[in-house]
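Biologist: I would like to learn how to read a model of this kind, feature by feature. Could we begin once it is on the screen?

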Amino acid sequence: TGSTRPQRLLRAVQKNATQGDPQSVINAIDHFCRHKEWAMNVGDEKGSILDSVVSEVNPSTALELGTYCGYSTVRIARLLPPGSQLITLEFNPAYAAVAKQVIGWAGLQDKVQLVEGPSGDLIPQMKDLFGVQSFDFVFLDHWKDRYLPDAKLLEECSLLRKGSVLLADNVICPGTPEYLEYIRNSPRYESRYFKSHLEYTKVEDGLEKSVFLG
Ligand SMILES: CNc1ncnc2c1ncn2[C@@H]1O[C@H](/C=C/CNC(=O)c2cc(-c3ccc(F)cc3)cc(O)c2O)[C@@H](O)[C@H]1O
Ligand SMILES: [Mg+2]
C-alpha cells in the first residue's frame, strides 16, 4: 500500500514550502503538478483570475465547495481581510486530512473552517452551524453535476444576497452544461465567462462569474 497522490502533494509542500508562507505553498503545489504529477487544483493561470475576483469582492464570508487538497482554499484565504471566514466543504476524509495539513502549513487555519461532509447536507446547516447570514463569495469546484443543484440550494436556503458572487471552475473542461444553461439564462444572475486553460495544460477551460441580483 503505497502513498496516494494527495499524500505525495502534501510531502512536496512540507519539503519545498516555508511554514506560514501561503505563496510558497501555492508555488510548491504548482511546481509539483507541472513537473511531477498533474492534479485537479485550479492551478496558477485560473488561480490568478480567482485571486482577482476574490480581491474585488473582498468577502467577509466565503464558501468553497470541494476542498480536495486545499490549493484554492489557500489561494482564497490568503486574500481575506482580518476577521473574515472561509468555509470549505469536503466529503472525502482522506482528502480532508491532506487539505487540513496544507492549510496549516500555510498558517491559514484561523481563517478557514474545513467541514467534512456532503454539500447537499451541509449547506442547509450553514446558518445553524456557523451563524452565517449569507455568503459574499462562493467558489464551486466539486462534482460538476452538483454545481446546479447546490446553487439552487443556496438560493432556497437564503444564503445568497444581492451582490453575492458565484465563481465556478471547469465550465468548459470537464464542463458544467446544465449549470451554465441555468445561470446564463436566469434573470436573477448577471454572468461573465473568463476564458483560460485547464490547469497545467494548453486545453481550453474557464471560470464563470455570476452575480446574484436578489
Ligand atoms: C457533491 N457534494 C460534495 N460535497 C463535498 N465534497 C465534494 C462533493 N462533491 C465532490 N466533492 C469533493 O470535491 C472534489 C471533487 C472535485 C471534482 N473536480 C473535478 O472532477 C475536476 C476535474 C478536472 C479534470 C479535467 C480534465 C481531465 F482530463 C481530468 C480531470 C479538472 C478540475 O479542475 C476539476 O475540478 C473532491 O475532493 C471530492 O471529494
Ligand atoms: Mg476544478
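Biologist: By class, how many nonpolar, polar and charged residues does the shell around ligand 1 have?

Modeller: Bear in mind that this is a predicted model. The shell around ligand 1 has eleven nonpolar, six polar and six charged residues. Altogether 23 residues surround the ligand, and Glu90, Asp141, Lys144, Asn170 and Glu199 are the closest. Both β2 (85-90) and α9 (171-175) supply at least two residues of this shell, and the space that ligand 1 takes is the largest pocket.

Biologist: Which atoms of Glu90, Phe91 and Asp141 lie at what distance from ligand 1?

Modeller: A polar contact is read as a pair of N or O atoms within 3.5 Å. In the side chain of Glu90, an N or O atom is 2.5 Å from an oxygen atom of ligand 1, and a polar side-chain atom of Asp141 lies 2.9 Å from an oxygen atom of the ligand. Phe91 takes part through its backbone, where an N or O atom lies 3.2 Å from a nitrogen atom of ligand 1. Of the 780 Å² that ligand 1 exposes when taken alone, the protein buries 83%.

Biologist: How many aromatic pairs does a search of the whole structure find, and why is the pair of Tyr147 and Tyr179 given its class?

Modeller: Planes over 60 degrees apart count as edge-to-face. The search finds five aromatic pairs; in the pair of Tyr147 and Tyr179 the ring centres are 5.6 Å apart and the planes stand at 85°, so this pair is edge-to-face. Because Tyr147 lies in helix α8 (residues 147-156) and Tyr179 in helix α10 (residues 177-185), the pair ties together parts that are 32 residues apart in sequence.

Conventions: Residues are numbered from 1 along each chain as its sequence is written. Chains are lettered from A and ligands numbered from 1 in the order in which they are written. This is a predicted model: local features need pLDDT of at least 70, side-chain atom pairs count only at pLDDT 80 or more; totals for chains, interfaces and linings use all residues. Side-chain values use heavy atoms; hydrogens and water are left out. A residue is near a molecule or strand if one of its heavy atoms lies within 4 Å of it. A polar contact is a pair of N or O atoms within 3.5 Å; within protein, one must be able to donate a hydrogen and the other to accept it, and residues adjacent in sequence count only if both atoms are side-chain atoms. Accessible areas come from the Shrake-Rupley method with a 1.4 Å probe; for residues, only the protein chains shown count as cover. On a 1 Å grid over the protein atoms alone, a cavity is a set of points where a 1.4 Å probe fits but cannot get out, and a pocket is an open set with protein on both sides within 12 Å along at least five of seven lines; lining residues have an atom within 4 Å of a point. A molecule sits in a cavity or pocket if more than half of its atoms lie within 2 Å of its grid points. Helices (H or I, at least four residues) and strands (E, at least two) are DSSP runs, numbered from the N terminus. Ala, Val, Leu, Ile, Met, Phe, Trp, Tyr, Cys and Pro count as nonpolar, Asp, Glu, Lys and Arg as charged, and the others, Gly among them, as polar. Rings of Phe, Tyr and Trp (its six-membered ring) pair if their centres lie within 6.5 Å; planes under 30 degrees apart count as stacked, over 60 as edge-to-face and the rest as tilted.
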